[in-house]
Amino acid sequence: MPSKILIVEDDADINELIAMNLQLMGHVCTRVYDGNDALKAIEESAPDLVLLDIMLPGLDGFEIMERISGVPVIFITAKDGLQNKIAGLSAGADDYIVKPFEMLEMIARVDAVLRRTQKSGDVFILDGVTVNLTERSVKKDGGDPCLTPKEFELLEVLIAHKNIAMSREKLLSMAWGYDFEGETRTVDYHISKLKSKLGWENRIKTVYKFGYRLEVTA
Amino acid sequence: MKLRAYIATYILFLAVLFLCFTIISAYMSNAQLDMYKQKCLREFQTISRTLVADISVLALRGHNLPENLAAEIDILFNVHARNLERSGILINLHEAWDASPVYAVSFVRNSPEYFIRISAPLAAPFEHYTLTYYFDFAQHMSDIRRVQNVLLFICVLFSAVTAVVLYFILAKIFEPLGVVSKASRNIANGRYTERINIIGTGEIKAVADDFNQMANEIEKHIQELKEETERKQRFADNLAHEMRTPLTAILGYAEYIQKAVCDEEKTIRLTGRIAERARYMNDIAELLMQLATLREYTPEKSEINIQHLFEDVTQTLSDSREKNMFRCNSNNVVLNGHEGLIKSLLLNLCMNSIRACDSENGQIRLSAQADANSVTISVSDNGCGIPPESLEKVTEAFYRVDKARSAKDGGAGLGLALCKQIADLHNAELQIESAIGKGTTVSVTF
């Protein structure tokens, strides 16, 4: 389910970077570079989520927060420290990301805010496979491919990070939990099971010396 | 402190007062007693003489029989005694053959009666009679006592009045000390603007003046510390921003290339961005190094022809459209300084001016002027100007007028910090004058 996301960040590189990553997730991004344009864009396009830098030319992030309502906002800032986080969150932001941030972290936070604020039926369809993430059910060409609970969790992680390569360690910690003391070969085994059960041999790609990526053409 | 001074002063006062009282009252009563003693003595002598005269007469009458004479004397004496008793005097006559012919004066106290007793033999030839005289002194003694009591009462009253008066006098004297102590407490509690206002002269005034001077110093130092801390905090915040923004981009692009599907064109574009950002960070690191090392550096000076320097600088910057912005007027001044550093200073000032000007109407004037003992180089533009509240801070490392620190119209905010450092190394003064919308003039006086 694509969401409309407005990115307000004056550094062109970071702005583009965020957009590129969110586009991988299938979101539609609008990019603006200063406070005044941000206000205009929020009024015109009514985005589902705004990623808002605090230090901006024109109006700064806090001033923008005061003038908008009903739009979920995630603050992005280079200012670390508890005081700044409290200031950001008490200004009404839904979350807070500190530069430099990791791509996965940003995607996870965006997903979390979107899930909280949107009532989208979480259904993912690819190559005749229908995954209902709320009901935790999978259908392939009308039949049940009979996934084990672990395989389903792995599938969930891959869908949440589609188009992004996930390292074996990351998959292990996200699908099995951080305290799981398994080997990365466990991941390989479950991935190959998943591939054959869903017929996704060309969808789940092995990334050389790194991990796996679920490729979905946007 | 105040209570102790009060008690000590009061005790001293009491001691002196009551010592005086004791001396005066003892002296007074002694004088009075002496007076009475003299009076009694005179009376005694009169009585004694009268008795002797009377007895002589009796003896001359020819009563030779001693028993008869004794009886006659007794009768005579009794008449005298009765007469004297009315005025409070008792006399007694008895025979004592071995009495010493001296007046024996003594006080006899037989409470509540009080007597002056005088006893002496009569004159010859009746020296075997000793006359004893008692003067009832009780009434006079109580008079003396009363006077003493009145005096004591006055002293006590005076002490009580003094206690109150002394309290107020001391309170008045110690009042400035109270003010000083209150002010010290306020300063100790962080109200550094506290000052003492004491009018007049003397020690307290001197203490107050010293105190105020101390307070001034403290306030100044605290203010300096505060500014220093703020400057450090600003530096740290800005450095963090200046490092994190490119780092976020570098990390982000690297992660994207690693994890997402990239075609060759995209990969080249993104790695180019990474390199560009890394180079920017490298530039900052180099500027910081320069700032750090320049602090300890002694420049090798040589004669610099300013005309050549101006040409050099404008040439360096003239690869772009800014070329015809520059107007140079060197007046053929020659400057003694480190050529590389002075050039770097001018380049930085010129780049600031270029950023401040719009490309169509922008004008940048480089000029140099020499007088008897100084050379002034100035760079002025008609650009956007610097807001007055930022003027003091622009030479701080990483300070930028643009709070958002956007990358498009400037570097990291190190240029003027470097200029200031170079000026300091040459013992030159860097001055910035600016008006919003009208332009900025930076002049360096060597």
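Is Lys205(A) buried, partly exposed or exposed? I looked it up: Lys205(A) is partly exposed, with a relative accessible area of 33%. My cut-offs are under 20% relative accessible area for buried, over 50% for exposed, and partly exposed in between (1.4 Å probe, protein chains only).

**Ground rules**

I am working on a predicted model, where local features need pLDDT of at least 70, side-chain atom pairs count only at pLDDT 80 or more, and totals for chains, interfaces and linings use all residues. Residues are numbered from 1 along each chain as its sequence is written, chains are lettered from A and ligands numbered from 1 in the order in which they are written, and side-chain values use heavy atoms, with hydrogens and water left out.

**Entry: salt bridges**

I started with charge, since side chains of opposite charge can pair when their charged atoms come close. I call it a salt bridge when a side-chain nitrogen of Lys or Arg is within 4 Å of a carboxyl oxygen of Asp or Glu. Over all chains the structure holds 21 of them.

Lys205(A) has Glu215(A) as a salt-bridge partner, at 3.1 Å from N to O. Lys205(A) sits in strand S10 and Glu215(A) in the segment after S11 of chain A, so this pair ties together parts 10 residues apart in sequence. Glu215(A) is buried, with a relative accessible area of 16%. For helices I take DSSP runs of H or I with at least four residues, for strands runs of E with at least two, numbered from the N terminus.

Next I checked Glu153(A) and Lys150(A), whose side chains meet in a salt bridge at 3.5 Å, N to O. They are 3 residues apart in helix H6 of chain A, which means about one helical turn between them. Both are partly exposed: Glu153(A) has 25% relative accessibility and Lys150(A) has 27%.

Then I went across chains. Arg273(B) makes a salt bridge with Glu16(A), with the closest N and O atoms 2.7 Å apart. This pair runs from helix H5 (residues 264-294) of chain B to helix H1 (residues 12-24) of chain A. Glu16(A) counts as buried at 9% relative accessibility. I also noted a salt-bridge network linking Asp11(A), Asp13(A), Glu16(A), Arg269(B), Arg273(B) and Arg277(B).

**Entry: the sheet around S10(A)**

Which order do the strands take? I read S9-S11-S10 in chain A, an open sheet of 3 strands with antiparallel pairing. Strands S9 (166-167) and S10 (204-207) are the edges, each pairing on one side only. I count strands as paired if DSSP finds at least two bridges between them. S10(A) and S11(A) (residues 211-214) share 4 bridges, and Val207(A) has Gly211(A) as its bridge partner.

Helix H8 (residues 184-198) of chain A lies across S10 and S11, at about 150 degrees to S10(A). The axes are lines fitted to C-alpha atoms, for helices over the stretch in contact, and angles run from 0 to 180 degrees between N-to-C directions.

I looked at helix H7 (residues 168-176) of chain A too, where the buried residues include Leu171(A), Leu172(A) and Trp176(A). The cover over the buried residues of H7(A) includes H6 (149-160), S9, H8, S10 and S11 of chain A. Just after H7(A), Gly177(A) has a positive phi of about 105 degrees.

**Entry: positive phi and a hairpin**

Asn163(A), in the loop between H6 and S9 of chain A, has a phi near 70 degrees, positive in a residue other than glycine. Asn163(A) is buried, with a relative accessible area of 8%.

S6(A) and S7(A) make a hairpin with 2 residues between them, and Asp127(A) in the turn has a positive phi of about 50 degrees. On S6(A) (residues 123-126), Phe124(A) and Leu126(A) form the covered face, while Val123(A) and Ile125(A) form the uncovered one.

**Entry: Leu33(B)**

I finished in chain B, which has 8 helices and 11 strands. Of its 446 residues, 37% count as buried. Leu33(B) lies in helix H1 (residues 2-60) of chain B and is buried at 15% relative accessible area. Leaving out residues up to four places away in sequence, Leu33(B) touches Phe107(B), Phe137(B) and Met141(B); contact means heavy atoms within 4.5 Å. I also logged Ile144(B), 111 residues from Leu33(B) along the chain, with the C-alpha atoms separated by 9.2 Å.
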